[in-house]
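Below is a short report on one protein chain.

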Amino acid sequence: MGNSCQSCGMPLAKDPQGGGTEADGSISTTYCSICYDAGAFRHPDVSVTEFQQHCVEALQRSGMPKIMAWLFTRGIPRLERWKGV
């Protein structure tokens with residue numbers, strides 16, 4: 001599904017670990033290492049709205065202005081993880 005994490009939208013090329021890991025230890029081509037580890041989501045019980053807010057706050061902590069962080073997270077509900085939720 002493209003070259004971006006299907007949970008947060010981060011380009012997988014920017015993931016320092018090259019992607020999250022599946023349960024068998026292989027690299028995920030769908031989810032980044034920030035969102036996914038050992039075949040499971042790191043934040044399994046959050047709503048999409050809560051997750052968007054979490055991402056905005058994380059981007060701000062990394063130095064991104066709030067408005068840019070907000071814009072970067074607007075597409076999250078359309079990503080594979082959140083479809084049908």
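Trp82 is buried, at a relative accessible area of 6%; buried means under 20%, exposed over 50% and partly exposed in between, with a 1.4 Å probe and protein chains only. The model is a predicted one, in which local features need pLDDT of at least 70 and side-chain atom pairs count only at pLDDT 80 or more, while totals for chains, interfaces and linings use all residues. Residues are numbered from 1 along each chain as its sequence is written, and side-chain values use heavy atoms, with hydrogens and water left out.

A search of the whole structure gives 4 aromatic pairs. Rings of Phe, Tyr and Trp (its six-membered ring) pair if their centres lie within 6.5 Å; planes under 30 degrees apart are stacked, over 60 edge-to-face, and the rest tilted. Phe51 is buried, with a relative accessible area of 2%. Phe51 and Trp82 make a tilted pair, 5.3 Å centre to centre with 40 degrees between the planes. This pair joins distant parts of the chain, since Phe51 is in helix α1 and Trp82 in the segment after α2, 31 residues apart. Helices (H or I, at least four residues) and strands (E, at least two) are DSSP runs, numbered from the N terminus.

Tyr31 lies in the segment before β1 (36–37) and Phe41 in strand β2 (residues 40–41), so the pair ties together parts 10 residues apart in sequence. Tyr31 counts as buried because its relative accessibility is 12%, whereas Phe41 is partly exposed, with a relative accessible area of 25%. Ring pairs link Tyr31, Tyr36 and Phe41 into a cluster.

Arg81 lies over the face of Phe41, 3.9 Å from the ring centre. Arg81 also lies over the face of Phe51, at 5.4 Å from the ring centre. A charge sits over a ring if NZ of Lys or CZ of Arg is within 6 Å of the ring centre and within 35 degrees of the ring normal.

## Helix α1

Helix α1 has 14 residues (residues 48–61), which at 1.5 Å a residue should span 20 Å; its end C-alpha atoms are 20 Å apart, in agreement. The expected span is 1.5 Å times one less than the number of residues. Phe51, Gln52, Cys55 and Val56 are buried in α1. Seen down the axis, the buried residues fall within an arc of 140 degrees, so they line one face of the helix. The arc is that of the directions from the helix axis to the C-beta atoms.

The buried residues of α1 pack against α2 (66–72). Gln60 lies in helix α1 and counts as partly exposed, at 31% relative accessibility. Leaving out residues up to four places away in sequence, Gln60 touches Lys66 and Ala69; contact means heavy atoms within 4.5 Å. After α1 comes Gly63, whose phi is positive, near 105 degrees.

## Cysteines

How many disulfides does the structure hold? There are 0, a disulfide being a pair of cysteine sulfur atoms within 2.5 Å. Cys5 is in no disulfide, and the nearest cysteine sulfur, that of Cys32, is 3.7 Å away. Cys5 counts as buried, at 0% relative accessibility.

Cys55 is in no disulfide either; the nearest cysteine sulfur, that of Cys8, is 5.6 Å away. Cys55 is buried, with a relative accessible area of 11%.
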